[in-house]
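Here are my notes for you, written as numbered points. Keep the structure open beside them and look up each residue as it comes along.

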Amino acid sequence: MGITASNKTLSTTAIDCGGAFQVRLSLTAEPDILTNPTDIVLVLDRSGSMAGSPLANLKNGAKAFIDIIAQSTQGQPGQIGSGSRIAVVSFAGTATQDTQLITSVTDLKAAVDALNSGGDTNHADAFTKAQALFQPASGNARVMVMFTDGFTTVGPDAAAVAAAAKAQGTIIYIIGLSGNGGIDVDALE
């Protein structure tokens, strides 16, 4: 995937010592998903810290992502095309494989819409359940896209589980969403 355009904007032109400001970075990329089929697992945090507007934002972002992939792969209406597939794994204290790797946009969005928040956060189990969906015989690229606030409250260290997935050829992207307790940037990194 190549970056074709970028733009950054700052929320202010000057800042006092100790002050804060926001930076918005916008990137436009040209996907190569048409010629390189990809299996994507959306890994969605439905823990208690995501209750209310954080979960609504997560759902909106995940469904927009599904639409972007469907449009980029030029499949039949309502389908992911070009041999690519998407699955949904959600997690709180434990992770659930909400769908298998499928092409139906309607079924993927229904799985996202069905999510309810509550409980602890177990990132390690989420990575484990997501990695288990990738089929060893498939020639498709493997990608996980995790939406989370980053606060692990139960389970083993997620970094080791993520590193094992990466060692098996899985590319992992983390999208940090501010939950009810903020966002744990260190954990996301």
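**Notes on the pocket, the cores and a few residues**

1. Let's begin with the second largest pocket: α4 gives the largest share of its lining, with 5 residues. Bear in mind as you read that this is a predicted model. Besides α4 (158–167), at least two lining residues each come from α3 (123–132), β6, β7 (170–176) and α5 (185–188).

2. How much space lies in the second largest pocket? About 350 Å³. The lining has 18 residues, and those closest to the pocket's centre are Phe127, Ala159, Ala162, Ala187 and Leu188. Sorted by class, the lining holds 11 nonpolar, 4 polar and 3 charged residues.

3. Now have a look at α3, one of the helices that helps line that pocket. Is α3 mostly covered or mostly open? Mostly covered, as 7 of its 10 residues are buried. The buried ones are His123, Ala124, Asp125, Ala126, Phe127, Ala130 and Gln131. What do they pack against? Their partners are β3, β4, β5 (95–97), β6, α4 and β7.

4. Stay with α3 and find its N-terminal end, which is capped by asparagine 122. A side-chain oxygen of asparagine 122 sits 3.3 Å from the backbone nitrogen of alanine 124.

5. Next, the largest nonpolar core. It has 23 residues, and the ones touching the most other members are Leu42, Leu44, Leu58 and Ile86. Two or more core residues come from each of β3 (38–45), α1 (53–73), β4 (85–91), α2 (105–113) and β6 (141–148). Which element gives the most to this core? That's α1, with 6 residues.

6. Skip its neighbours within four places in sequence, and you'll find it in contact with Leu44, Asp45, Met50, Leu115, Phe147 and Leu177. There is also another core, lying apart from the largest one, with 18 residues that include Val89, Ala130, Leu133 and Met146.

7. Threonine 38 is found in strand β3. Why does threonine 38 count as buried? Because its relative accessibility is 10%, and the cut-off for buried is under 20%. Leaving out residues up to four places away in sequence, threonine 38 touches Ile33, Ser84, Arg85, Asn140, Ala141 and Val143. A polar atom of the threonine 38 side chain also lies 3.0 Å from the backbone oxygen of asparagine 36.

8. Isoleucine 86 is one of the core residues named in point 5.

9. Most residues other than glycine have a negative phi. Glutamine 74 is not a glycine, but its phi is positive, about 55°. Serine 82 also has a positive phi, near 60°. Are they buried or exposed? Glutamine 74 is exposed, because its relative accessible area is 59% and exposed means over 50%. Serine 82, at 30%, is partly exposed.

Note on methods
Residues are numbered from 1 along each chain as its sequence is written. This is a predicted model: local features need pLDDT of at least 70, side-chain atom pairs count only at pLDDT 80 or more; totals for chains, interfaces and linings use all residues. Side-chain values use heavy atoms; hydrogens and water are left out. A nonpolar core is a set of buried Ala, Val, Leu, Ile, Met, Phe, Trp, Tyr and Cys residues joined through side-chain atoms within 4.5 Å. Buried means under 20% relative accessible area, exposed over 50%, partly exposed in between (1.4 Å probe, protein chains only). Helices (H or I, at least four residues) and strands (E, at least two) are DSSP runs, numbered from the N terminus. Contact means heavy atoms within 4.5 Å. On a 1 Å grid over the protein atoms alone, a cavity is a set of points where a 1.4 Å probe fits but cannot get out, and a pocket is an open set with protein on both sides within 12 Å along at least five of seven lines; lining residues have an atom within 4 Å of a point. Grid points are joined across faces, edges and corners, and a volume is the space filled by probe spheres set on the points. Ala, Val, Leu, Ile, Met, Phe, Trp, Tyr, Cys and Pro count as nonpolar, Asp, Glu, Lys and Arg as charged, and the others, Gly among them, as polar. A polar contact is a pair of N or O atoms within 3.5 Å; within protein, one must be able to donate a hydrogen and the other to accept it, and residues adjacent in sequence count only if both atoms are side-chain atoms.
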